[in-house]
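I opened my notebook to get to know a new structure. Here is what I looked up, in the order I went.

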Amino acid sequence: MQVLRELVQIITRIKLRSIRRLGFPFNQDTQLGEMYELLADQVEDEEVARAITDQSSKSGTFRRLKSDLIDRLIASLFLVDLSLPSYNNRQQAYYIIHKNWAASKILFGKNARMAAVELAEQTLRQALRYEFNDLAFDLSRNLKLHFGTVAGNHNKYKEYAKECTRLQKVLQAEIMAEDNYTRFISEFVRKKADTAIILEEAKKAHLSLLPYIEQYDSYTLHLYSGLLEMGIHTAASSYEVADSVCDKLIAFFEDKEYEASVPLQIAYYQKLLCSFQLGKFAQTTDFVIRGLELLQEGSYNWFKFQETYLVLALHTRQFNTAYEVFCRATGHARFKAQQEEIQEYWRILEAYLYFLFEIGELENAATDKRFTKFRIGRFLNQIPIFSQDKRGVNVSILIIQILLLISQKRYHDTFVKVDAVEQYSRRHLFTKDTLRSFYFLKALLELPKNSFHKVAVQRKAAKHLEKMRAHPLEEAGQTSFLTEIIPFELLWEYITGLLDNDFH
């Protein structure tokens with residue numbers, strides 16, 4: 001049923017209306033029409049089956065209906081305009097070119113050659129302009145065959161034969177770049193081999209692409225070779241070099257005649273992540289503005305970009321900027337439509353901003369009712385998903401609980417948490433990529449163990465903090481902002497600033 005649900009999301013009710021006038025793909029009062037409406041309303045599989053056939057979803061009758069609906073919705077794809085007004089010229093061209101390419105293939109197959117050739121030539125020009133080289137190669141191949149064997153036009157044959165040969169070479173280079181990048185990502189995620197070996201192989205793969213990069217000005221080739229090069233340097237924590245790769249990709253794709261939004265979005269976001277790892281903020285303003293311009297406001301990627309920018313601002317002590325980003329994102333009309341995980345993470349960010357507000361570091365939020373009415377218990381009830389996460393975001397939740405309790409001088413409540421936090425950190429955080437979190441929690445646990453006495457806490461926590469500093473933030477990778485929302489060194493500075501030399 002997942003195939004059907006995806007098709008229903010694409011062929012929406014509004015889009016369906018435009019082709020219903022043709023009596024296609026089904027009438028509303030038929031079983032297929034009823035099934036479509038139930039799926040559009042997100043009704044569960046078994047309920048759909050019972051409502052339509054009074055049988056289970058595994059019955060032959062229901063499976064035949066399901067297959068028929070899939071066939072009709074797929075056929076509808078060619079009648080519906082799938083491009084959106086918010087799409088740029090290349091995104092809109094994608095659907096037009098693919099639809100016309102398929103139509104030309106059908107016309108050639110039906111021997112309607114005059115119509116097929118005219119459509120193929122028109123589509124080839126568009127495919128070349130927007131660098132859909134796989135389709136351009138196939139179209140030029142069909143035209144070469146037609147003019148060489150059917151029409152007997154030697155000049156046209158030579159023109160398309162030359163274009164076909166050129167595109168074949170470009171396509172081979174694109175496929176090689178795509179394969180090299182895919183293999184690197186696949187191996188790196190699986191981690192079946194030593195990281196050093198994977199990186200060495202990836203470097204060799206990238207070197208093999210250099211002659212083609214210099215020769216061909218190809219969208220796909222430069223995208224995948226750039227992603228491969230970027231991945232090599234981020235995996236090796238060489239963020240200065242990765243940042244320069246981002247700049248190179250940005251320069252290449254900004255120079256295109258059309259808006260290459262996908263590679264530019266990737267490059268600007270990766271540049272933001274590099275800036276986070278390098279602790280750079282002053283240089284981000286221009287490229288952050290451009291990065292957000294490329295994203296559809298209120299989309300998933302728009303919120304992710306804002307999220308990362310906010311944490312970068314926190315890491316570089318631009319607290320008021322972080323607060324402005326928070327207000328802009330959470331105040332957006334599409335915020336409540338985002339996945340629950342997205343909203344939960346923003347609630348965690350809100351808790352850290354509230355802590356800064358509590359200790360007087362967030363001037364701009366003086367009249368914000370969300371902060372004046374903030375309650376720890378309510379906050380914890382609003383983040384059920386990440387509370388189950390054992391090695392990621394839940395660490396930031398544990399930390400902010402302790403920070404808020406101490407800032408409010410609720411010392412007894414902090415004592416209660418000691419055993420649970422100690423067991424948690426020992427079970428889940430003593431791994432290579434979470435050692436900073438492990439040692440920072442160990443330092444925090446010295447607070448209740450030493451009755452919140454400033455001198456005693458600083459003396460006992462020193463060994464844990466020293467071990468933490470032996471594992472700098474760069475080692476934690478580009479997702480470290482999920483757990484280290486504010487640098488641990490800075491949080492420790494704030495916490496000890498709240499202590500006195502009395503025993504509590």
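How many helices and how many strands does the secondary structure of the chain come to? I found 24 helices and zero strands, where helices (H or I, at least four residues) and strands (E, at least two) are DSSP runs numbered from the N terminus.

A note to myself on sources: this is a predicted model, where local features need pLDDT of at least 70 and side-chain atom pairs count only at pLDDT 80 or more, while totals for chains, interfaces and linings use all residues. Residues are numbered from 1 along each chain as its sequence is written, and side-chain values use heavy atoms, leaving out hydrogens and water.

Next I looked at the whole chain. Its C-alpha atoms fill a box of roughly 95 × 65 × 45 Å along the principal axes. I saw that 50% of the 504 residues count as buried (under 20% relative accessible area, with a 1.4 Å probe and protein chains only).

Then I turned to one helix pair. Helix H6 (residues 89–109) and helix H7 (residues 113–129) pack at an angle of about 155°, their axes 9 Å apart; axes are lines fitted to C-alpha atoms over the stretch in contact, and angles run from 0 to 180 degrees between N-to-C directions. H6 and H7 are therefore roughly antiparallel (over 145 degrees).

I also listed who meets whom, with contact meaning heavy atoms within 4.5 Å. Among them, Trp-101 and Phe-108 are on the H6 side, and Arg-113 and Leu-119 on the H7 side.

Definitions and conventions: Parallel < 35°, antiparallel > 145°, perpendicular 65-115°, else oblique.
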